[in-house]
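Hi there,

Here is the structure I said I would pass on. Have a look at it, and then read on for what turned up.

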Amino acid sequence: MASQNLSQEQMQLIQMDPVRRNISLALTQIFVWPFIYLTFFMLLTFTRKEAFRTETRYILFGHSLLVDLLFLFVTDIIVVLSYNIILIPLRFCIPVCMLMDTVTACAPLTIAAMCLERYVAICMPLRHHAISTSRRALMVILIIWILSIINPFVDMFILISTASREYLSQLTHCHYEIMLPDEIRRFSRGVLFIVGLFVILIIEVACYVMIFLAARAASNDRKSASKGHRTISLHILQLFLCSAEVVCPYIENVVLYYDIQSYLTVRFINFLVFSITSRAVSPIVYGFRDEKFNAAMVYYMRCRIGPNVVSSGTEKQT
């Protein structure tokens, strides 16, 4: 059934009106590349400033930018190949799909780590510097990647051991469904991901409540607590978008059952609204709301990219 759906989608892309296909591709590029540029620019800002590379929240933010940049860039390449009807052997799609699934899983785990860091900073300020060290932040990032890559490796080993040689050598578009030919495995993967997102949501809500209680108890730090509330609220919004991104394939499968033209339209809209928008929240959370990071970005935008100039500008904010 999965292979039938896959071939139907490929045939529909081939038969699609070239004008409509070109318009869809152009809209995707117009929508995606500003976020790619912004994310890359912010990642460059992070790497050029030493203070950002030694503070936990900025390290986690830099990791979030790297994950988002990988997702946006690789996804855009896949979209360009798909709309230009360029099919590649399935075995070459496997590592690409594994990378995409890994960075997709990294995003909510990084959100949880950033929320916990804000909780420690606001609710345990005296112990914050002892707990949130750059070394521990790097260890957390390593753990995030290990947890994120487990599921793709398991799916790869199951696919290689069970799929036929003909299936692995067929030409296809790259998307993760090709690694899950069985409907049961697709469903179980979605359930596990939703359960993981629900656990992360509980962590974020708990952090939000604890910060709220800390703000009521300490009247001298209400500004920091209020900012922490807004940050975690935006993280919860980002987590909701990640959850919607997981649910979308099941909605698309229902639409595919009735009309494949509507399926392609729904899939295109879901990609722009949920996949791309969820990656745009992180730059808004830290890039434009954080005073030090925003000051460094302003200096880079003025083409004054010398490290001494950036350093003198950002140190005024501390």
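Let's start with the sulfurs: Cys93 and Cys174 are joined by a disulfide, S to S 2.0 Å (the term means a pair of cysteine sulfur atoms within 2.5 Å). In general, a disulfide is a covalent bond between the sulfur atoms of two cysteines. The structure holds one of them. The S-S torsion is about -80 degrees, so this disulfide is left-handed. It links distant parts of the chain, 81 residues apart: Cys93 sits in helix H5 (residues 90-123), while Cys174 is in the loop between strand E2 (171-172) and helix H9 (183-217). Helices (H or I, at least four residues) and strands (E, at least two) are DSSP runs, numbered from the N terminus.

Before you go further, a word on what you're looking at. This is a predicted model, where local features need pLDDT of at least 70 and side-chain atom pairs count only at pLDDT 80 or more, while totals for chains, interfaces and linings use all residues. Residues are numbered from 1 along each chain as its sequence is written, and side-chain values use heavy atoms, with hydrogens and water left out.

Next, the aromatic rings. Rings of Phe, Tyr and Trp (its six-membered ring) pair if their centres lie within 6.5 Å; planes under 30 degrees apart are stacked, over 60 edge-to-face, and the rest tilted. That rule gives eight aromatic pairs. In one of them, Phe52 and Phe293 have ring centres 5.0 Å apart and planes at 35 degrees, so the pair is tilted. Phe52 is in helix H3 (residues 50-53) and Phe293 in helix H12 (residues 291-301), so the pair ties together parts 241 residues apart in sequence. Phe52 is buried at 2% relative accessibility, and Phe293 at 0%. Together with Tyr58 and Phe61, Phe52 and Phe293 form one aromatic cluster.

How values were computed
Buried < 20%, exposed > 50% of the residue type's maximum accessible area, 1.4 Å probe, protein only.
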